[in-house]
Amino acid sequence: MTALLRVRHLSTSFQTEAGLVRAVDDVSFDLAEGETLGLVGESGSGKTVTALSILRLIPQPPGAFGPESRIEYDGVDLLRLPSRELRKVRGAQIAMIFQEPMSSLNPVLTVGSQISEAIRAHEPVSRKEANDRAVELLDLVGIPEPGRRFRDYPHQMSGGMQQRVMIGMALSCRPKILIADEPTTALDVTIQAQILDLLLELKERFAMSVLFITHDLGVLAGVADRVAVMYGGSIVEQGPVRAVFEQPAHPYTRGLLHAVPRVDRPSDRIEGIPGSVPTATAWPSGCRFHPRCSECMKRCEVDAPPSYSAGTDHTARCWLLDQSEGQRQ
Amino acid sequence: MRRLSLAIAIAGAAVVVLRFPRIMELFSSGAAGSIVAAVCAVLVPPAAGLAWHWNRRPGARPSESRTARLLDNRQFVLGTGVVALLTYAAVIAPVLSSFDPNTQTDLLGAATLAPSLQHPFGTDFYSRDLFSRMLYGARWSLGIAFVAVTLVVVVGTSVGVIAGVTGGIVDSVLMRMVDGGLAIPRVLLLLVVAALWGNLGFFPLAVLLGLTGWFGVSRIIRAEVLSLKERTFLAAARALGISQLRLVVRHILPNLVAPVTVTAALGVGNIVLIEASLSYLGIGARPPDPGWGNIIREGHELIFTAPWISIFPGAAIFLTVIGFSLVGDGLRTALNPRAS
Amino acid sequence: MSESSPGPLVAIENLVKHFPASTRLFARPSYLKAVDGVTLSLDRGETVALVGESGSGKTTLGRCVLRLTEPTSGTIWFDGTDVLALGSADMRALRRRMQIVFQDPAGSLNPRMAVGTAVREPLEVHRIARGKAARDRVADLFEEVGLDPSLTSRFPHELSGGQKQRVGIARALSIEPEFLVLDEPVSALDVSVQAQVVNLLTDLQRSRNLTYLFIAHDLAVVRHVATRVAVMYLGRIVERARVVPLYDRPLHPYTASLLSAVPVPDPTVKRKRIVLAGEIPSPRNPPPGCPFHTRCPHPLKDARCTTDEPALRELQPDRWVACHYAENPMEKPAP
Ligand SMILES: Nc1ncnc2c1ncn2[C@@H]1O[C@H](COP(=O)(O)OP(=O)(O)OP(=O)(O)O)[C@@H](O)[C@H]1O
Ligand SMILES: Nc1ncnc2c1ncn2[C@@H]1O[C@H](COP(=O)(O)OP(=O)(O)OP(=O)(O)O)[C@@H](O)[C@H]1O
Ligand code: SF4
Ligand SMILES: [Mg+2]
Ligand SMILES: [Mg+2]
């Protein structure tokens with residue numbers, strides 16, 4: 001598999017009144033053709049900022065990219081592409097669906113006109129043709145009576161329906177890559193199951209690569225081929241989904257896996273991770289997880305660990321994996 | 001805000017130094033009003049200086065607090081500066097000017113003099129010093145506005161809170177009253193009152209302006225209370241068995257501080273304008289006492305020969321309205337809890 | 001206060017809450033049936049979970065029990081007292097014994113009140129403690145819920161979500177209630193923090209012998225905290241059972257679907273999910289017959305389901321189901 005999207009040393013920061021927010025710090029990953037990469041992390045870990053950075057949707061200022069940052073799509077660096085060229089990539093090659101469907105749809109326009117506008121932004125088709133395609137798309141994403149719902153306003157639809165519309169809009173130009181930022185977080189489990197099935201089906205059908213962002217390890221296990229775990233603005237572990245779930249190498253991943261209440265296991269105490277998620281204005285020194293880590297060592301407090309191999313195609317940023325000094329194992 | 005305190009301190013100190021003989025004169029005059037003005041003139045510079053000094057200490061205030069956000073807001077600081085200087089000038093009027101505002105110095109020789117060193121704003125048709133008239137006029141115009149706005153805020157907030165909290169029939173009755181109040185054109189009402197009683201004097205006029213101005217405020221406050229009532233924290237308070245009275249005092253009122261202060265700040269400018277219009281129509285300050293409105297009125301016939309008579313009060317009204325809008329807008333941005 | 005009587009601490013009988021919902025001026029008044037005939041009881045020291053999709057009426061039911069929302073009809077017994085018959089003074093007194101922790105930790109705290117004051121206020125209102133004694137109690141409560149007592153002077157926006165929820169819990173506990181409605185107490189929290197709060201609640205229950213009505217929107221957390229579960233759909237309870245039998249063999253097709261919809265963090269488990277078609281109908285005009293029939297995946301579903309409303313029947317001891325075909329439950333999806 002060749003990498004369709006290559007993110008290298010991505011750092012995104014914001015200048016705010018409270019100081020410099022280093023929201024994303026030295027993030028690197030590949031997204032291969034036809035692959036689903038799951039990006040998982042708790043609130044504030046930088047998932048959305050990573051996604052927005054890929055499409056350069058970060059407002060500059062206050063946002064700024066680090067000088068090392070590169071985002072290569074099809075051999076071109078999106079961060080250095082002129083904005084006219086970039087617009088041809090956005091939506092047509094890489095499309096995104098957002099965390100909150102309600103606030104990403106324009107409340108005063110019908111959903112149909114929003115989809116057809118998205119089509120016409122990239123393709124020279126007549127309004128009529130675009131409208132017909134929009135109805136087809138609504139049908140594709142499983143909206144009953146698409147011809148009638150075409151004229152609905154967003155508030156007349158439930159959250160699940162809105163998310164379907166968003167998916168339809170994202171697919172309007174047959175993108176190669178779909179970035180889905182917590183597409184099911186606001187939905188009930190039953191509706192979540194529907195949307196996940198829909199996404200998986202459409203992914204196969206259009207042979208897309210998907211960057212699937214979520215904070216729910218359960219959802220991730222069902223959809224991802226590979227997993228990247230984010231904490232404090234950087235990716236602390238990444239690898240094939242089985243490897244990460246079965247042999248988690250980073251203490252944070254292990255903690256997170258233990259913290260998820262499981263519906264398929266008889267009740268026992270779930271273990272949380274002590275402390276709370278740090279804020280982006282004041283990351284802890286050294287390894288950013290060290291204040292909450294049960295296996296924290298002296299050096300963790302001072303030095304940030306580099307990325308170590310933890311198996312084939314499996315890496316983690318944790319000093320426990322450092323074998324050179326023979327401190328462990 | 002630090003620079004503002006410093007500016008006031010320096011301006012105040014300059015006044016004390018330059019007008020020192022006048023201050024002594026006022027002290028020895030024995031008239032209560034004069035002494036108060038002189039005392040204020042002497043006390044303000046050191047007070048402003050102290051404020052500046054305290055704010056200078058590192059860590060004087062937490063950088064995240066509401067006050068801090070307020071004091072970092074340019075609009076608010078600029079507006080407060082304008083308002084503070086105008087108010088300060090009004091309070092120490094006798095210190096700043098040696099002329100009595102109503103004395104006609106020399107009807108033949110000193111009428112409609114252009115601004116000069118002796119009469120910084122010139123004189124009017126009756127040879128009165130315009131600078132003094134402006135200063136004493138500020139006492140009238142700003143004073144009325146402050147009193148009226150206090151009334152507007154108190155009555156408007158009380159009615160709004162009572163209607164919003166009680167709901168039901170009380171709410172309906174109060175709101176129909178408000179509808180009625182809003183339906184009568186205010187200036188018309190005031191004109192009728194004027195026709196019946198003529199010039200009213202300070203307090204009656206202020207009360208009248210206040211009592212005819214709270215309708216809109218009570219609407220805003222009621223709407224705010226209704227939206228607060230939907231918030232979970234009020235349900236939480238009720239669940240804890242907290243009484244209705246305490247609910248209003250401890251939980252609702254503190255959350256109304258922002259909308260109330262914003263309305264009050266914007267209201268002052270509004271009332272200054274209305275009062276000026278009334279004075280212009282001859283209902284405000286009773287001649288020969290000055291109010292900004294009737295100074296303009298006295299100047300309007302001489303607008304081409306002695307434009308300064310109208311321009312200075314016009315500019316003062318303009319400054320006041322702008323100053324208070326800046327304060328109001330600044331408050332609105334800084335007090336918005338969503339901003340944090 | 002009356003002496004503790006035997007029997008359940010809380011008994012809800014046939015509770016109904018209809019919100020007026022006519023939108024047009026001259027239309028016939030219509031109602032939104034948020035809670036439509038719920039019967040449920042809680043024994044001392046147990047946790048009963050209330051589960052259902054968004055809009056199924058869980059919050060409304062919880063609020064009705066405390067009379068934060070006035071029920072349309074029905075009865076609520078609290079320790080032998082008829083709650084709905086109480087006057088406002090008696091009700092305020094009873095509120096010392098029952099408390100609620102809200103769904104939204106940020107919204108349930110007064111943004112203009114320091115969190116320490118928020119916890120101290122009920123102590124003073126109920127004359128439990130004042131002055132220094134009250135402040136000491138607050139510090140103790142903060143420690144009990146795992147918060148640093150130095151946080152008392154902070155305002156809600158200066159705390160994280162988990163900390164705010166702990167303040168909410170401390171405040172509810174301040175007046176030493178016996179019964180707590182926990183309205184999705186962990187739904188708004190990060191996964192790693194969620195577990196801490198769940199454990200805190202279990203520990204507090206043990207040390208103080210509390211009774212919980214634990215509201216949740218999915219069945220995962222519930223399995224770890226509840227003794228009994230009630231599944232709600234469109235304002236009605238469709239299945240009520242003890243935890244173990246319910247998770248082992250759900251008898252109502254809705255329970256089965258809810259169970260299978262919860263994602264499991266294990267890539268090797270490729271479960272066959274029952275994916276429900278469509279969405280929860282509007283409580284403004286619920287479907288006739290079985291309220292669930294529009295989405296029901298049960299193979300035996302037939303015309304009877306669309307006309308006759310199934311009653312909540314006791315199929316096994318302590319096991320109630322409202323489905324015509326509860327005797328032939330759907331196959332549990334094979335793991
Ligand atoms: N425009 C911005 N200005 C300043 N800070 C920002 C901005 N956007 C994001 N941040 C900060 O960057 C950090 C990472 O935010 P991000 O939205 O990527 O988190 P996330 O992982 O998507 O979390 P969630 O699960 O809550 O969506 C946060 O601390 C956030 O406050
Ligand atoms: N004050 C109210 N006025 C009118 N309708 C209401 C009111 N409160 C709730 N409802 C309606 O009652 C129904 C049940 O709402 P409720 O909040 O109890 O659901 P819930 O199960 O708690 O959902 P969620 O999981 O979203 O919290 C919904 O359709 C809601 O719109
Ligand atoms: S009664 Fe019929 S429709 Fe209702 S749950 Fe049972 S099988 Fe399904
Ligand atoms: Mg996000
Ligand atoms: Mg709810």
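This is a predicted model: local features need pLDDT of at least 70, side-chain atom pairs count only at pLDDT 80 or more; totals for chains, interfaces and linings use all residues.
Helices (H or I, at least four residues) and strands (E, at least two) are DSSP runs, numbered from the N terminus. Residues are numbered from 1 along each chain as its sequence is written, chains are lettered from A and ligands numbered from 1 in the order in which they are written, and side-chain values use heavy atoms, with hydrogens and water left out.

**B:Ser141 and its surroundings**

- B:Ser141 counts as buried because its relative accessibility is 1%; buried means under 20% relative accessible area, exposed over 50%, and partly exposed in between (1.4 Å probe, protein chains only).
- Leaving aside residues up to four places away in sequence, B:Ser141 touches B:Val272, B:Glu275, B:Gly291 and B:Trp292, where contact means heavy atoms within 4.5 Å.
- A polar atom of the B:Ser141 side chain lies 3.2 Å from the backbone nitrogen of B:Trp292.

**The sheet of chain A**

- In chain A, 8 strands make up an open sheet with mixed pairing, in the order 7-8-9-3-10-11-13-12; two strands pair if DSSP finds at least two bridges between them.
- Strand 7 (94–97) and strand 12 (308–311) of chain A are the edge strands, each pairing on one side only.
- From one strand to the next, the twist averages 20°; axes are lines fitted to C-alpha atoms, for helices over the stretch in contact, and angles run from 0 to 180 degrees between N-to-C directions.
- Strand 12 of chain A pairs with strand 13 (residues 314–316) of chain A in the antiparallel sense over 3 bridges, and A:Tyr308 has A:Ala316 in strand 13 as its bridge partner.
- Helix 11 (residues 251–259) of chain A packs on the sheet and touches strand 10 and strand 11 (234–240), making about 100° with the direction of strand 10 of chain A.

**The sheet of chain C**

- Chain C has an open sheet of 8 strands in the order 6-7-8-3-9-10-12-11, again with mixed pairing.
- Its edge strands, each pairing on one side only, are strand 6 (98–101) and strand 11 (313–316) of chain C, and the twist averages 25° from one strand to the next.
- Strand 3 (residues 47–51) and strand 9 (residues 228–233) of chain C run parallel over 4 bridges, with C:Arg228 the bridge partner of C:Val48.
- Strand 9 and strand 10 of chain C pair in the antiparallel sense over 6 bridges and form a hairpin with 2 residues between them, where C:Leu234 in the turn has a positive phi of about 50°.
- Strand 10 of chain C is mostly covered, with 6 of its 7 residues buried.

**Helix 1 of chain C**

- Helix 1 (residues 58–65) of chain C is largely enclosed by the rest of the structure, because 6 of its 8 residues are buried.
- The buried residues of helix 1 of chain C include C:Leu61, C:Cys64 and C:Val65.
- C:Arg67 follows helix 1 of chain C and has a positive phi, near 60°.

**Ligand 3**

- Of the 13 residues around ligand 3, C:Cys290, C:Cys296, C:Cys305, C:Cys323 and C:His324 come nearest; a residue is near a molecule or strand if one of its heavy atoms lies within 4 Å of it.

Conventions. A polar contact is a pair of N or O atoms within 3.5 Å; within protein, one must be able to donate a hydrogen and the other to accept it, and residues adjacent in sequence count only if both atoms are side-chain atoms.
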